[in-house]
Amino acid sequence: MNWIYLIVAGFFEIFWAVGLKFSQGFSKILPSILTVAGMLASFYFLSLALKKLPLSIAYAIWTGIGTVGTVLFGVIYFGESISIAKIICVGMIIFGIIGLRILN
């Protein structure tokens, strides 16, 4: 169950990171409220996962999920540029996440 909490926390991290873009520096009220709610949810589920998982593993995976998710979201929905170098770097993050999970 702790791994599920960690994955949920990672998805909420993507949610709030994207929400920051929509909040435009917390100048738009609804996106700002949703962003803060996403932050709270992300931290809450991370805290549940940390009851049993090692901090070094959980934090790295949590931020990795957030990083990969925001990159994908930015490319797909915001039309941000993508290159072979970026794909390789994101791939290394994904392999790092998988490696940390396997080694734990």
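## Confidence in the model

Confidence in this predicted model is lowest in helix α4, with a mean of 94, and highest in helix α2, with a mean of 98, where the score is pLDDT, the predictor's confidence in each residue on a scale from 0 to 100. Averaged over the protein, the pLDDT is 96, and 100% of the residues score at least 70. The helices named here are DSSP runs of H or I with at least four residues, strands are runs of E with at least two, and both are numbered from the N terminus.

Because the model is predicted, local features need a pLDDT of at least 70 and side-chain atom pairs count only at pLDDT 80 or more, whereas totals for chains, interfaces and linings use all residues. Residues are numbered from 1 along each chain as its sequence is written, and side-chain values use heavy atoms, with hydrogens and water left out.

## Overall architecture

The protein has four helices and zero strands, and from the N terminus on its elements run α-α-α-α. Taken along the principal axes, the C-alpha atoms fill a box of roughly 40 × 35 × 15 Å.

Of the 104 residues, 33% count as buried, a word that stands for under 20% relative accessible area, while exposed stands for over 50% and partly exposed for the range in between, with a 1.4 Å probe and protein chains only. The accessible surface, computed with the Shrake-Rupley method and a 1.4 Å probe, with only the protein chains shown counting as cover for residues, comes to about 6500 Å², of which 76% belongs to carbon and sulfur atoms. Among contacts, meaning heavy atoms within 4.5 Å, those with a separation of 6 or more are 68% accounted for by residues 24 or more positions apart.

Helix α1 covers residues 2-23, and its 22 residues reach 31 Å from the first C-alpha to the last, close to the 32 Å expected at 1.5 Å a residue; the expected span is 1.5 Å times one less than the number of residues. Its buried residues include W3, L6, I14 and W16, and the buried residues of α1 pack against α2, α3 (55-77) and α4 (84-103).

The loop between α1 and α2 holds Q24, which comes just after α1 and takes a positive phi of about 50 degrees. F26 is in the loop between α1 and α2 too, and has a positive phi of about 60 degrees although it is not a glycine. With a relative accessibility of 45%, F26 counts as partly exposed.

On the surface, F15, I29, L30, I33 and L34 form a nonpolar patch with about 510 Å² of accessible area together.

L30 and G19 are eleven residues apart in sequence and 9.7 Å apart in space, C-alpha to C-alpha. S32, which lies in helix α2, touches S23, F26 and S27, not counting residues up to four places away in sequence.

Note on methods: Patch = residues over 30% accessible without salt bridge, like charges linked within 9 Å, V, L, I, M, F, W, Y side chains within 5 Å. Salt bridge = Lys/Arg side-chain N within 4 Å of Asp/Glu carboxyl O.
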